[in-house]
Every structure is written in C-alpha cells, then in structure tokens.
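Hi there,

Here is the structure I promised to pass on to you. Have a look at it first, and my notes follow just below.

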Amino acid sequence: MVSRPETSEIESDPVLVTCLNFQILKLFGVILQRVLHWQPNAGTTVNTQILNEVSQCVESINGVKGGRWKATLTLYKPALREQSLVGEFPRDFWGISLPEQPNKYYFIIRTQRIVMEADSSIQAIMEKLQSYKSRAALYFEGFQYQVGDFQLRVGKVVPNHSENMRGIIMEVEYLPLSSMEKARLVMEDFFDIWQEAVSKRSLPGHFMHIEPNFAEFGLSDHYSSQHTAVQYATVMAQLMAVQAVRN
C-alpha cells in the first residue's frame with residue numbers, strides 16, 4: 001500500500017505543488033489565454049530568423065507542432081458624409097476574428113473601454129451599410145503547438161497586401177482555467193520555464209505581456225474570448241506606438 005504524502009512534504013516540494021495546482025484547476029474546464037508580443041532590444045528589429053528561433057524554443061520544451069493558425073485584426077474608421085457628425089461616432093475601433101470562435105466577431109473601442117461580441121455576419125452588414133470602412137488590416141499567421149496542457153500559437157504580424165513583418169505574437173492558452181486569479185500561479189510557473197528556454201539562445205529581445213484593466217471594459221474575472229480580443233487590441237496599440245516612434 002502506498003502511503004499518502006504528508007502536507008508538509010507536499011508544501012516543501014515545488015514540483016508536487018505545481019502538479020497539484022494543475023490537477024485542481026483542471027476542474028474549471030474553461031480556457032484562459034495570454035497574448036504577448038516580441039519586444040526587440042534597442043537598435044534591433046523583428047525578422048524571420050527570430051521567429052524561427054522562437055519556434056525552436058517552443059520545441060525545446062517538448063512543444064508538439066500542430067496545424068497553422070490565423071487571426072485578423074481590422075481598424076475601422078467612420079465614413080461620414082457630414083463633418084458635423086464627427087463627435088457623435090467613435091473616431092476608430094478594432095474588429096477581430098478569433099480562430100477558436102469562427103462564428104463570432106469582436107469590436108473593441110479602446111478610447112471608451114468598450115468590447116462587444118457579435119455574429120460574424122456583422123462584417124457583411126457593415127460592408128453593405130458603408131457607415132464604417134476598413135482603414136487597415138493586420139494578419140497574425142503561424143503555427144500551433146501543444147506543450148502539455150498548454151496550447152501555444154506563435155506567428156508573425158503582417159499588414160494586408162504586404163509581407164513586411166511588423167511583429168511577433170505568442171498566444172498562450174491553458175484550457176482547464178477560467179479564473180484569472182487562480183491562473184496566475186500556473187501561468188507564472190510556465191513562463192519561468194519559458195524564460196529559461198529563451199535565455200539559452202541569447203535572442204535580441206523578449207516577449208512582453210501587457211495586461212489590460214479588464215474591469216474598465218466591464219469584464220469579470222471569469223475569462224472569455226472578449227478578454228482575448230481586448231488583449232489583441234492592446235498589443236496592436238503598443239506595436240503601432242513603437243512603430244510611430246521609430247518612424
């Protein structure tokens with residue numbers, strides 16, 4: 001008969017603690033995601049070589065390569081015929097389609113801290129009404145990897161009608177989690193392992209995670225795809241700000 005470890009033994013073993021946290025949090029059965037972007041060191045830029053090295057880092061921590069993935073983020077601006085109406089409409093907003101929610105479309109108005117979920121058919125309706133027009137579109141393209149209970153999506157950011165890379169994105173998803181507070185320990189453990197793998201390659205930069213204040217968007221602690229949409233919009237605002245400074 002195998003004896004059960006004492007509480008003190010478990011508490012003193014960080015590996016056991018992490019494994020127990022994983023098993024307990026699996027009970028929630030809902031996704032949690034973090035969206036990170038590559039922050040290059042001063043004087044360097046993103047390129048295909050860095051993207052390839054990042055992908056190799058994922059494989060070095062036993063990441064199993066899966067299929068391709070793609071998401072699209074579109075910037076909309078109002079098409080006003082009368083300038084007197086300018087103040088009555090948002091100056092611009094983002095729209096995004098997420099691969100895990102193919103029948104949904106998400107709008108983010110960052111200036112007013114609003115996020116909305118709609119049926120994917122809203123894009124055709126907007127095209128027909130012509131009240132808002134697409135001014136820019138950015139594509140996220142790459143591969144999915146399975147790392148234990150984690151799913152990673154790593155890819156490049158490219159504007160429409162161009163092959164020039166604007167950035168590198170990594171989306172980390174842990175399926176059994178829903179509460180962000182309960183997720184922090186598990187995510188921190190994963191990122192410790194990830195940072196160790198990246199540090200071995202001496203890459204000219206690092207991944208950065210900017211966590212928005214979800215409460216300002218009216219979102220609760222229970223994670224949803226709307227949280228992911230807000231993160232993507234936040235990342236793109238950061239990338240555009242960096243690009244503007246460099247230009």
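Let me start with Asp92, which is buried at a relative accessible area of 18%; the cut-off for buried is under 20%. Please keep in mind that this is a predicted model. Asp92 forms a salt bridge with Lys77, and their closest N and O atoms are 3.4 Å apart. Asp92 sits in the loop between strand 2 and strand 3 while Lys77 belongs to strand 2, so the pair ties together parts that are 15 residues apart in sequence. Lys77 itself is partly exposed, with a relative accessible area of 29%.

Next, the strands around that loop. Strand 2 (residues 64–78) runs antiparallel to strand 3, and five bridges join them; Thr72 has Ser97 in strand 3 as its bridge partner. Strand 3 also pairs with strand 4 (residues 104–109), again antiparallel, over three bridges, with Trp94 opposite Ile108. Six residues lie between strand 3 and strand 4 in this hairpin. Strand 3 (residues 93–97) is largely enclosed by the rest of the structure, because four of its five residues are buried.

The salt bridges may interest you too: the count comes to eight. Arg153, buried at 5% relative accessibility, meets Glu100 at 3.9 Å, N to O. That pair links distant parts of the chain, with Glu100 in the loop between strand 3 and strand 4 and Arg153 in strand 7 (residues 150–159), 53 residues apart. Arg153 also meets Glu173 in a salt bridge at 3.3 Å, N to O. Salt bridges with shared partners join Glu100, Arg153, Glu171 and Glu173 into one network.

Best wishes

Note on methods:
Residues are numbered from 1 along each chain as its sequence is written. This is a predicted model: local features need pLDDT of at least 70, side-chain atom pairs count only at pLDDT 80 or more; totals for chains, interfaces and linings use all residues. Side-chain values use heavy atoms; hydrogens and water are left out. Buried means under 20% relative accessible area, exposed over 50%, partly exposed in between (1.4 Å probe, protein chains only). Helices (H or I, at least four residues) and strands (E, at least two) are DSSP runs, numbered from the N terminus. Two strands pair if DSSP finds at least two bridges between them. A salt bridge is a side-chain nitrogen of Lys or Arg within 4 Å of a carboxyl oxygen of Asp or Glu.
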